[in-house]
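I had this one open on the screen and went through it piece by piece.

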Amino acid sequence: MSLYTAIATAAGRDGRAVTSDGKLDVALALPKELGGDGGGTNPEQLFAAGYAACFASALQLVAGKKKIDASDASVTAEVGLNPDGAGGFRLDVTLRVELPDALSPEVGRELVETAHRVCPYSNATRGNIPVNLVVE
């Protein structure tokens, strides 16, 4: 049984994406790099924003359980769209995690790796797409 179910509807890369509660209603467009006008967001940007937010929350959860203040941490997700060689496409992700200066590199790396085991996006992508963790 789900704790929460998000529902969104879209008709493709050009158009709109709307959630069932109306809180998200965005114009979608192909990025200029793919031949579009870049006049809207795209699925890769939405995925990057969601993954960054989810991972940052997982990091806060893990840090809180260890009584570590990581409130100044931030996560930047880079989502790449790549041809798969068989006529389709695949994603790859780099998560750049900026941690507070007060954390030692060892503690920071442990927090990031633990968050990667906790984050629902990380669990959904594990074994499906490459995810590179960069601790900054």
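Predicted model: local features only at pLDDT ≥ 70, side-chain atom pairs only at ≥ 80, totals over all residues.

Which residues of α1 meet which residues of α2? I looked for contacts, meaning heavy atoms within 4.5 Å. Tyr51, Phe55, Ala58, Leu59, Leu61, Val62 and Ala63 in α1 meet Leu111, Val112, Thr114, Ala115, His116 and Val118 in α2.

Residues are numbered from 1 along each chain as its sequence is written, and side-chain values use heavy atoms, with hydrogens and water left out.

**Helix packing.** I looked up the geometry of the pair next. α1 and α2 pack at an angle of about 115 degrees, and their axes are 8 Å apart. The axes are lines fitted to C-alpha atoms, for helices over the stretch in contact, and angles run from 0 to 180 degrees between N-to-C directions.

**Overall layout.** I count three helices and six strands in the chain. Helices (H or I, at least four residues) and strands (E, at least two) are DSSP runs, numbered from the N terminus. Along the sequence the pattern reads β-β-β-α-β-β-α-α-β. The C-alpha atoms fill a box of roughly 45 × 35 × 30 Å along the principal axes. Of the 136 residues, 32% count as buried; buried is under 20% relative accessible area, exposed is over 50%, and partly exposed is in between (1.4 Å probe, protein chains only). Of the contacts with a separation of 6 or more, 46% come from residues 24 or more positions apart.

**Core.** The largest nonpolar core has 25 residues, and Tyr51, Phe55, Leu59, Leu95, Val97, Leu99 and Val112 touch the most other members. Such a core is a set of buried Ala, Val, Leu, Ile, Met, Phe, Trp, Tyr and Cys residues joined through side-chain atoms within 4.5 Å. Two or more residues each come from α1 (43–65), β4 (74–83), β5 (89–98) and α2 (105–118). The largest share, nine residues, is from α1. I then clicked on Val112: leaving aside neighbours within four places in sequence, Val112 is in contact with Phe55, Leu59, Val97, Leu99, Leu133 and Val135.

**Val79.** Val79 sits in strand β4 and is buried, at 18% relative accessible area. Val93 is 14 residues away in sequence, yet the C-alpha atoms of Val79 and Val93 are 4.6 Å apart. Not counting residues up to four places away, Val79 touches Glu44, Phe47, Ala48, Leu91, Asp92 and Val93.

**Cysteines.** How many disulfides are there? I found zero in the whole structure, taking a disulfide as a pair of cysteine sulfur atoms within 2.5 Å. Cys54 is in no disulfide, and the nearest cysteine sulfur, that of Cys119, is 3.5 Å away. That is too far for a bond. Cys54 is buried at 17% relative accessibility, and Cys119 is buried at 0%.

**Lys67.** Last stop was the loop between α1 and β4, where Lys67 lies. Lys67 has a phi near 60 degrees, a positive value in a residue other than glycine. Lys67 is exposed, at 76% relative accessibility.
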